[in-house]
Amino acid sequence: MSHVVIRGIPFATRLRAAKGGAKELLERDRARAQKFLAGKSHHAFVAAKGKHASSTGAGSSIDVTDSGVTYTTQVGVGSPATDYTLLIDTGSSNTWIGADLPYKPTGTSHSTGNTINVSYGSGSMSGKEYTDTVTLGPDLVIQNQGIGVASTAQGFQGVDGILGVGPADLTQGTVSNTTEVPTVTDNLYAQGTISSNSLGISYEPSSTANVSNGELTFGGTDSTKYTGTLNTVPLTTTSPASAYWGINQSVTYGTSQTILKTTAGIVDTGTTLLLLATEAYQAYQKATGAVEDPTTGLLTITSAQYAKLQSLYFHIGGVTYEFTPNAQIWPRGLNSTLGGNEGQIYLITSDLGSNVGSGLDFINGFGWIQRYYTLFDTGNKQLGLATTAYTDADTN
């Protein structure tokens, strides 16, 4: 294959729980965590097949509708293209539009005659399948991409649909007369636009809500977005973490106090906070002197305690990643989104709600991921991590 330049698209980050403050955010994170702990499907599609999906089945899946934090990007469909605002979902694989802005067929639109039905954790869509030209960016144009066009959609206010970037087997059972639908990543690879089946994610931490502060890189990594070496680690074999983007890690507070011995957990873009198993959370609370704030439910510390706060060190695949004191606090400029007090210092570490040894003892969520460059390498079944210019920045 000829040399292929890595392609990236920008996205905006939005906290879905802002209206309900930190308590709603915590509820979302913990409810999502309980589904992970129970080993639920990361995105359990339920084909309607003439019947309504049961509330039990739909509610037991894990997907973008559960997320406390979401990511949106502009995607063009057709030629000339109409731009749609789509949710990026690393845990699902169907791409569809029509939840808000209607589909505008052009000369590149072709109906397959098939129907599509997808049920999510707290939403659903049904409609017809088309193939069309999909434009993710100037150099990321996909020919004959299978897309869903919704005739009905529930649970997707403020967006037009989903850009599914998970593995193709998650589309099984969603489109009539079809085994599975190649994803946008599959087709980018098949059409020679990208050279590997992987996704890189980079963030620029921000103290402003709902801003374009991320980039999704198709087909590898963007070396301009990270510093030093990108280290890879194989996915864990420990269940239930092994069903997701699971890795093994240990965590120390400061250089010597281990609060979590080497164990399995996951890296998850849809969880907002850093969640640790109860014993590790309690050890962290004791070490920092933090108290639980009754208004937000988050740990809070004084300015004097913050001055003495030590780094957390995450030991992953033989490499140590420093999580600085500033990285451990909620952006003070966004305290209002928590329903918190101006100037108060809130910590982003919270209780996972399970004991150590469950097979999923931590979730490194958005608050953690935004400090590192992350590669979700589906083709090689591994996770890549690297420091960035923002790993030790004092943005919070």
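This is a predicted model: local features need pLDDT of at least 70, side-chain atom pairs count only at pLDDT 80 or more; totals for chains, interfaces and linings use all residues.
Residues are numbered from 1 along each chain as its sequence is written, and side-chain values use heavy atoms, with hydrogens and water left out.

**View 1. The hairpin of β22 and β23.** Strands (E, at least two residues) are DSSP runs numbered from the N terminus. Strand β22 covers residues 372–377 and pairs with β23 in the antiparallel sense over six bridges; two strands pair if DSSP finds at least two bridges between them. Tyr-372 has Thr-387 of β23 as its bridge partner, and Phe-376 has Leu-383. Four residues lie between the two strands, and Lys-381 in the turn has a positive phi of about 50 degrees.

View 2. Buried means under 20% relative accessible area (1.4 Å probe, protein chains only). Tyr-372, Thr-374 and Phe-376 point one way from β22, whereas Tyr-373, Leu-375 and Asp-377 point the other way. Strand β9 (residues 198–203) runs antiparallel to β22 and is joined to it by four bridges; Ser-198 has Asp-377 of β22 as its bridge partner.

**View 3. β23 beside β11.** Strand β23 spans residues 382–387, and five of its six residues are buried, so it is largely enclosed by the rest of the structure. Five bridges connect β23 with the antiparallel strand β11 (residues 227–234). Here Thr-227 has Thr-387 of β23 as its bridge partner.

Note on methods:
Buried means under 20% relative accessible area, exposed over 50%, partly exposed in between (1.4 Å probe, protein chains only).
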